[in-house]
Amino acid sequence: MNELESIWEKPAYLPYLQPPLTAEILEDAEKKIGYKLPNEYIELVKTQNGGYIRKTLADFEHNLIYGIGPHYPSLTNVDWSEYYDWVGFELDGLIPFDDDGHFFMCLDYRQNRLNPQITLTVPESGIQTVVANSFAEYLSKLVVKTNGEFVIETNESIEEVAKDIEQSLGIEFEDPNSYDYGYPTYRSTINGQWVWLSPNLVPKGFVRRDDDRYNELKQLANGEATRFPEIAKGSLLISFSDEETEKRALAKLRKSFKAVRPISEFV
């Protein structure tokens, strides 16, 4: 896996992927937004045309990089019309590539029409902050999201390890949930606090059966990928909802699983 491919989260959430990038799609997109897209962005969406990311900024976590195409969300769907009357800074030239309705991470062409800065804007608060001076610099600042997870290095199946953990911690996992993320997540509680167990090896992509495009996209889920290519594919990930539960549970687990290490040691 090359550096650009490693930015994308696995499994890929297929409804957010656009069709593979072509010269025609790229030309049409640049005509629509009125600017030449950075070469680094183009190379990134050639590896995967948009979707959730497993790397983010250390000081501001965002979750997506939009691709280019006909489906939501797309880089070409720029519409600032509801903001023009009350936002106190120039909006034309800002092309969002992620937003949650409040913040917008943007290609910012307002100072340079050929090499945009990357600017974080929060229109309702009047905030605009330069994140990077180019898309290349932005990419260099991305770091892996670890979410405080720990790696269980094992050759056993997740079902076998789940049973061992139940015995070690005196808990009982709920039936695994694959709906949320496309891979089985085991969940239980310890004194009212959550513990989660999940695999590193997962499907290449996923789409939920209740999605309108399920029949169209399901074949794209074929194959396997690793959520964290930095660790062995058979490894499992465990995490906890609070530090005290984490400390006590890990002390017990390390008696059964000698190799339980913070994922931050790997990435």
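## Model and overall composition

This is a predicted model, in which local features need pLDDT of at least 70 and side-chain atom pairs count only at pLDDT 80 or more, while totals for chains, interfaces and linings use all residues. Residues are numbered from 1 along each chain as its sequence is written, and side-chain values use heavy atoms, with hydrogens and water left out.

The secondary structure of the protein comes to six helices and 17 strands, where helices (H or I, at least four residues) and strands (E, at least two) are DSSP runs numbered from the N terminus. The C-alpha trace spans about 60 × 40 × 30 Å along its principal axes. Of the 267 residues in the protein, 49% are buried, a class defined by under 20% relative accessible area, with exposed set at over 50% and partly exposed in between (1.4 Å probe, protein chains only).

Four strands form an open sheet in the order 5-6-7-8 with antiparallel pairing, two strands being counted as paired if DSSP finds at least two bridges between them. Strand 5 (94-99) and strand 8 (127-132) stand at the edges with a single partner strand each, so one side of each is left without a neighbour in the sheet. From one strand to the next the twist averages 30°, based on axes that are lines fitted to C-alpha atoms (for helices over the stretch in contact), with angles that run from 0 to 180 degrees between N-to-C directions.

Strand 5 is joined by five bridges to strand 6 (residues 104-108), and the two run antiparallel; within this pairing, Leu94 has Asp108 as its bridge partner in strand 6, and Asp99 has Phe104. The hairpin of strand 5 and strand 6 has four residues between the strands, and there Gly101 takes a positive phi near 90°. Strand 6 also pairs in the antiparallel sense with strand 7 (residues 117-122), over five bridges. Five of the five residues of strand 6 are buried, so this strand is largely enclosed by the rest of the structure. Phe104, Cys106 and Asp108 point one way from strand 6, whereas Met105 and Leu107 point the other way.

Strand 12 and strand 16 pair in the antiparallel sense over five bridges, and Ser198 stands opposite Leu237 in strand 16.

## The nonpolar core

The largest nonpolar core has 37 residues, of which Leu37 and Tyr138 touch the most other members; such a core is a set of buried Ala, Val, Leu, Ile, Met, Phe, Trp, Tyr and Cys residues joined through side-chain atoms within 4.5 Å. Among the elements that give two or more residues to this core are helix 1 (23-33), helix 3 (135-140), strand 5, strand 6, strand 7 and strand 8. The largest share, four residues, comes from helix 2.

The largest pocket has a volume of about 620 Å³. Pockets are found on a 1 Å grid over the protein atoms alone, as open sets with protein on both sides within 12 Å along at least five of seven lines, for a 1.4 Å probe, and lining residues have an atom within 4 Å of a point; grid points are joined across faces, edges and corners, and a volume is the space filled by probe spheres set on the points. Of its 25 lining residues, Glu9, Asn147, Tyr181, Tyr183 and Arg227 lie nearest the centre, and strand 12 (193-199) and strand 16 (236-240) are the elements that give two or more residues to the lining. By class, this lining has twelve nonpolar, four polar and nine charged residues, with Ala, Val, Leu, Ile, Met, Phe, Trp, Tyr, Cys and Pro counted as nonpolar, Asp, Glu, Lys and Arg as charged, and the others, Gly among them, as polar.

The second largest pocket has a volume of about 520 Å³ and is lined by 25 residues, with Leu14, Leu17, Thr47, Gln48 and Lys204 nearest its centre. Helix 2 gives the most to this lining, with three residues.
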